[in-house]
Amino acid sequence: MIVVTTPTGQIGRQLLARLLDAPDLAEPVRVIVRDPARLAPEARDRVEVIQGSHADPGVLKEACAGAGQVFWLVPPAVTAESVEGHFAAFTEPLCQMIEDQGVERVVTVSTLGRGIAKNAGQISASLAMDERIRATGVHHRALCPPFLMENFVGQAATIRDQGAFYVAMTGQRVLHTCATGDIAATAARLLRDATWTGQEDVPLVGPDDLTPEGMARVMSEVLGRPVQARLVGFADYRASLLGHGVSEASAQGLADMARALDEQGFYGAAAPSTPEHAPTGFRTWCEQVLRPAVLG
């Protein structure tokens, strides 16, 4: 049995489709979902559905019964009172299930920066999640992307109406990226394989070495209209988040994350690309995902 969390989310939705389309899928799939109506219609009748949150120990116990592999992603919570507390509220029940019910393999969505990132908000909390899971002794793969290309989809209206996107950075540094489709593809391969062992990171770094200005040039060419990259200071970024209803803790965590990425550079030029896990180039992603989001 394969358990998939966040099956209606950006990554989980693509992962579920890849699993169900795989001709070599040998195990049934069980999903944990708050609202089953949000499942893709083509998936709804082909999976076992456990309704609820994967932070709920009772829900997780039911979902993990007889499961060998678990795909684990902690959803964002912009209203959380504590970033670390939010991750721990999900992770501790999982660790208990690993120890009590014999889950053999866990694939988590994590981030680059292990051993480098310091005081990095949500990144630090994600890396601490991995360490807690690994302490159980379970076989574990942490999928470690840098900046997600899909972050720009959230700015599609701004790109369309203002001809600009915003990044919290102090200068034009290389910012490596990854498409969520590549994360889903890698997770699907791992979940279909019941032979791997041990605990390892799997970096997913796309093939481009682009600064925000470089990304803006690619967007301009693909969209057929001028697009500018506008850099935002960390205090202004935090204030903007608060103005959009993000909690004090989450806003501070995201600002700390942006500052760490800028100062410590673990999403930058020093991170080598990994085409075997993250082959999608930024231009291809803009053509396939951003252009429809911006232009309709």
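Predicted model: local features only at pLDDT ≥ 70, side-chain atom pairs only at ≥ 80, totals over all residues.
Residues are numbered from 1 along each chain as its sequence is written, and side-chain values use heavy atoms, without hydrogens and water.

Next I looked up the packing. H8 covers residues 212-223 and H11 residues 282-295; their axes lie 9 Å apart at an angle of about 60°. That angle makes H8 oblique to H11 (under 35 degrees is roughly parallel, over 145 roughly antiparallel, 65 to 115 roughly perpendicular, the rest oblique). Helices here are DSSP runs (H or I) of at least four residues, numbered from the N terminus. Axes are lines fitted to C-alpha atoms over the stretch in contact, and angles run from 0 to 180 degrees between N-to-C directions.

Then I listed the contact (heavy atoms within 4.5 Å). On the H8 side I noted Met 215, Val 218 and Met 219, among others; they meet an H11 set including Phe 282, Cys 286 and Leu 290. The contact residues divide into 10 nonpolar, no polar and 4 charged.

Last, I checked for disulfides (cysteine sulfur atoms within 2.5 Å). The count is 0. Cys 64 is in none; its nearest cysteine sulfur, that of Cys 95, is 11 Å away. Cys 64 is buried, because its relative accessibility is 0% (buried is under 20% relative accessible area, exposed over 50%, partly exposed in between, with a 1.4 Å probe and protein chains only). Cys 95 is also at 0%, so I count Cys 95 as buried.

Key. Helix = DSSP H or I, 4+ residues; strand = E, 2+ residues; numbered from the N terminus. Nonpolar A, V, L, I, M, F, W, Y, C, P; charged D, E, K, R; others polar.
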